[in-house]
Amino acid sequence: MEVVARRDARGRTVLPVVRASGQLAVRRTGEGAVHLVATAFGPLGGDDAEVRLVVEEGARLSVHSVAAAVVLPARGGSPPSRQLVRAEVAGVLHLTPEPTVVTARAVHVAELHAELGEGGELTATEQVLLGRAGEAPGRWTGTTRVVVSGRPVLHTTVGLGPGTPAWLPPVAPRAYVSTVRIGEPRAAVQTGVDAVRLPLPGGWVGTAWAAELHEAVARLAGVTRERDLEVAR
Amino acid sequence: MTAALLTLADSRLPAGGHTHSGGVEQAIAAELLTDPASLALFLRRRLTTSGAVAAGLAAAACRAVDDTDVVAALAALDAEADARTPAPALRAASRQQGRGLVRVGGRAWPHPAWAALPVQPHHPLALGVAAAAGGLAPRDAAAAAAYLSVSGPATAAQRLLAMDPITVAAVTARLGPEVDAVAAAAVDGLPAAADPLLDLLAEVHTVRTDRFFAS
């Protein structure tokens, strides 16, 4: 899947490239806005999706999704499903998809590699729930790498679910949310109940966890002080 | 050469590691760590996240000593260490211990690469250079980093909870195979395994006025 956002002569954002295939479709839903639409159930174990986002200087792009992604295991010994997002951002990118629900026995690997130019802005949110109601947790591994003007400012891999490194009793939460924001003054540290916001050069990264997704979202909003992220759209 | 590795991983090497608990002090305050069983879980958690990151960086720094531009190679690794350590309290703890190791390592194993390190380098970088200066290989640097990620915190827990030293030694020793596995897996890459819980504990800890350890 590929979307290119460009600023036109009148200063508006146009999308000269909006391309998708496989289990993802893309719909233009406004000026500089697209929604991802899953064309089938899933992702399913073994699915591989690559999303390329290019936001040129002066352009703005918002990427949403229409519904939560429910990751299902394939039959037998399910291989992981993967989603890789590569973003090149000289303008403004908002990447705020709906939550990912990783069902029992499913394993999902999510990666975001964002390269920002001088003046590039990024807001990227991730909301994860392990298991549907009353179901055993699946496994999720998320890597975020953000490079600004050639310098890495954030590179973390968080593993959730049985058998992953940082998911051990007594802290093994079902719900996890994280937001990275680049394009504003370096934020101060803010701590809360199972929530922390850490400064980055030109922004911050906030993380929260809880038993339920709405609790985690509220906890993150409590330390980031960005109420608009609470709905993340 | 083995003696250099043993010296590097020895808690008696005066590099300042004994003033850091690796999150143990705050984990105890938060009642997440109360006994040998929860200590083992906490150490495993630390080993497989920050221990893995430290092991990867230490091995890479050891290798960087042979780079044509050592200064640039180590500066790039220092930036990668920052990117993997977003919590300011953990960055400060790492750089304090890095500076402490430069002080003793530079005297113990003189080598031009010490001068190529940034001022107050991250601890794994200093560890990698110390390993190279001591004639060790990247896998040794990774092993020392992985081991140190649990040995210091285990001692801190023993002191803070007045635990039986033999029990704590056994907990640490039983992690041996996992320490080896983490080090082996980290040698050829730069793991980025993060634990937001450790970030939160470190930041809550650093603003306490009644803390016993620096981190």
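This is a predicted model: local features need pLDDT of at least 70, side-chain atom pairs count only at pLDDT 80 or more; totals for chains, interfaces and linings use all residues.
Student: Where should I start with the strands of chain A?

Tutor: Start with the order of strands in a sheet. In chain A, an open sheet of 7 strands runs β2-β1-β5-β8-β11-β13-β14, and its pairing is mixed.

Student: Which strands stand at the edges of this sheet?

Tutor: β2 (13-19) and β14 of chain A do. Each has a single partner strand, so one side of each is left without a neighbour in the sheet. On average, neighbouring strands here are turned by 10 degrees against each other, direction ignored.

Student: What about the side chains along a strand?

Tutor: In a regular strand, side chains alternate between the two faces of the sheet.

Student: Do β1 and β5 of chain A run parallel or antiparallel?

Tutor: Strand β1 (residues 2-7) and strand β5 (residues 48-55) of chain A run parallel, joined by 4 bridges. To find the pairing by eye, look for A5(A), which stands opposite V55(A) in β5(A).

Student: And how do β3 and β4 of chain A run, parallel or antiparallel?

Tutor: β3 (residues 24-30) and β4 (residues 33-38) of chain A are antiparallel, with 6 bridges between them. Here L24(A) faces its opposite residue A38(A) in β4(A). The two strands form a hairpin with 2 residues between them, and G32(A) in the turn has a positive phi of about 65 degrees.

Student: Let us turn to helices. At what angle do α5 and α6 of chain B cross?

Tutor: Compare their axes. Helix α5 (residues 88-108) and helix α6 (residues 123-133) of chain B cross at roughly 20 degrees, and their axes come within 7 Å. Angles under 35 degrees count as roughly parallel, and α5(B) and α6(B) are therefore roughly parallel to each other. Their crossing is left-handed.

Student: Which residues of the two helices meet?

Tutor: From α5(B), look for S94(B), Q97(B), G98(B), L101(B), V102(B) and G105(B). They meet H123(B), L125(B), A126(B), L127(B), A130(B) and A133(B) in α6(B). By class, this contact has 7 nonpolar residues, 5 polar and no charged.

Student: Finally, how many residues does each chain give to the contact between A and B?

Tutor: Chain A gives 25 residues and chain B gives 23. On the side of chain A that touches chain B, β14 (151-160), β17 (195-200) and β18 (203-210) each supply at least two residues. The largest share, 9 residues, comes from β14(A). Sorted by class, that side of chain A has 17 nonpolar, 7 polar and 1 charged residues.

Notes: Residues are numbered from 1 along each chain as its sequence is written. Chains are lettered from A and ligands numbered from 1 in the order in which they are written. Two residues are in contact if their C-beta atoms, placed from the backbone, lie within 7 Å. Ala, Val, Leu, Ile, Met, Phe, Trp, Tyr, Cys and Pro count as nonpolar, Asp, Glu, Lys and Arg as charged, and the others, Gly among them, as polar. Axes are lines fitted to C-alpha atoms, for helices over the stretch in contact, and angles run from 0 to 180 degrees between N-to-C directions. Angles under 35 degrees count as roughly parallel, over 145 as roughly antiparallel, 65 to 115 as roughly perpendicular and the rest as oblique. A crossing is left-handed if the near helix is turned anticlockwise from the far one by less than a right angle, and right-handed if clockwise. Two strands pair if DSSP finds at least two bridges between them.
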